[in-house]
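Dear colleague,

I am handing over the structure we spoke about, and I would be grateful if you could read it alongside the notes that follow it.

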Amino acid sequence: MTPSPPAAKLRLATVWLAGCSGCHMSFLDLDEFLFDLAEKVDVVFSPVGTDVKIYPENVDIALVEGAVANVDNLELALQVRERTALVISFGDCAVTANVPGLRNLLDGGHDGAKAVLERGYLELADATGQLPFAPGIVPELLPRVLPLHEVIPVDLYLPGCPPSAERIREAITPLLAGERPVMEGPAMLRFG
Amino acid sequence: MAVVTLNVNGQDVAVPAGASLLEATRAAAADVPTLCHLDGLNPVSSCRLCLVEVEGSNKLLPACSTAAAEGMVVHTHTPRLREYRRMAVELFFAEGNHVCAVCVANTHCELQDMAVTVGMDHSRFPYQYPQRSVDASHPQFTLDHNRCILCTRCVRVCDEIEGAHVWDIGSRGGQCHIVAGLDEPWGQVQACTSCGKCVEVCPTGALFRNTDTTAEKQPDASLPALLRSARDQHRWHNQ
């Protein structure tokens, strides 16, 4: 009797937009669960799991960390949505814009990008200060930092700064079995 | 003692005449959420989280400031009320500048807890990022308007318990904000006794001690109820 062929693995991506990578560090804190996870998924795109530069097609689940703060974040977010079945807003920056969004308070809330660039590159610089300008190389900041769901439809919200490894595990374990996690109560929902 | 009998979520309860609907819902163990309400202070029903449905009324009623009446039939957790409560909390987050991760009240914040209670996993309303100020003129305390939800607990505790009436609400509509004295820097208001009650009852990180940094604020919102029972009934918590 020959063993049945292994079931097709889920294609998992993790994405890092405007965040501190703390959510990814929390993901790595899953420790030995990562071995169980590796048996059930192929990591097809991840700053901590692959060296793939182009977001692939036919992704089943994407954990997206970070707010949308620049044109690269925006382009990648749109690709993620187009090529992914289930997009998870991963951590407070993706869910609320959180700390990156604080620059929205500058310049009367109209163009925080201009205010923050001028502060960082001109006001605090010596006499040689200049604004960065390298089209196609250095991504331009968007005027306003946005939570992920204001840019693309999001299927699941996983708040926390960062979400604990336990919360991440409790959220993705049901997904591996094709079920929705129950996002209720302080263990699964608390911001901060 | 005169009592009124009413029905909360299918359960008959009897409460003393003059009790609020909120007290009646508590007697029925119906966990009606509140933010602006605080035992020991007069109710203002500003947060709208305790709205309940009362049969025969065509509008929702705030439980904290509605008197329980004989024969009332009250529903506290209908789908409509749950949805409104979640919307109200999302609006609180969207209206101010609430960044839990770097807030002095992180892990001890009633707004943060309320988001969990109502099941808020994100805000469906875009964040407003209003331009608000921080008053750090007081030697011991700071008022960060970015985190204020205008519950007016500080206004009430200072007026009703401390008797100093340092705080008030200035302006109108979306410009409403807490003012000290005659809209002066807090540190210049001579009526302030620096008792710190406003800091203890603030549900968020809007009022805090200068010595507290991120996630270090540990308020004690039971203070007004304690002081009121001590004064009215001469009953102290250590007796």
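In chain A, strand E5 (residues 84-90) and E7(A) run parallel and are joined by three bridges, and within this pair Ile88(A) stands opposite Leu156(A) of E7(A). Please keep in mind throughout that this is a predicted model. The two strands belong to an open sheet of five strands in chain A, whose order is E2-E1-E3-E5-E7 and whose pairing is parallel. Strand E2 (41-45) and E7 of chain A form the edges, each pairing on one side only, and neighbouring strands are turned against each other by 25° on average, direction ignored. H6(A) packs on this sheet, where it touches E1, strand E3 (59-65), E5 and E7 of chain A, and the direction of H6(A) makes about 155° with that of E7(A).

Cys161(A) and Pro162(A) are joined by a cis peptide bond, with omega at about -10°, and Pro162(A) sits in the loop that runs between strand E7 (156-158) and helix H6 (165-176) of chain A. Ser21(A), which is not a glycine, has a positive phi, near 75°; this residue lies in the loop between strand E1 (10-16) and helix H1 (22-28) of chain A, and because 15 other C-beta atoms are found within 10 Å, Ser21(A) is partly exposed. In chain B, Ser45(B) likewise has a positive phi, of about 45°, although it is not a glycine, and its place is the loop between helix H1 (21-27) and strand E3 (51-54) of chain B. Ser45(B) counts as partly exposed, because it has 18 C-beta neighbours inside 10 Å.

For Leu207(B), once its neighbours within four places in sequence are left aside, the contacts are with Phe141(B), Leu143(B), Cys154(B), Cys198(B), Val199(B) and Cys202(B).

The C-alpha atoms of Gln188(B) and Glu70(B) are separated by 50 Å, the two residues being 118 apart along the chain.

Finally, there is the contact between the chains, which takes 26 residues from chain A and 19 residues from chain B. On the side of chain A that touches chain B, the elements giving two or more residues are helix H4 (92-96) and helix H7 (186-189) of chain A, and H4(A) gives the most, with three residues. By class, this side of chain A has twelve nonpolar, ten polar and four charged residues.

With kind regards

Methods
Residues are numbered from 1 along each chain as its sequence is written. Chains are lettered from A and ligands numbered from 1 in the order in which they are written. This is a predicted model: local features need pLDDT of at least 70, side-chain atom pairs count only at pLDDT 80 or more; totals for chains, interfaces and linings use all residues. Two residues are in contact if their C-beta atoms, placed from the backbone, lie within 7 Å. Helices (H or I, at least four residues) and strands (E, at least two) are DSSP runs, numbered from the N terminus. A residue is buried if 20 or more other C-beta atoms lie within 10 Å of its own, exposed if 12 or fewer, and partly exposed in between; C-beta atoms are placed from the backbone. Two strands pair if DSSP finds at least two bridges between them. Axes are lines fitted to C-alpha atoms, for helices over the stretch in contact, and angles run from 0 to 180 degrees between N-to-C directions. Ala, Val, Leu, Ile, Met, Phe, Trp, Tyr, Cys and Pro count as nonpolar, Asp, Glu, Lys and Arg as charged, and the others, Gly among them, as polar.
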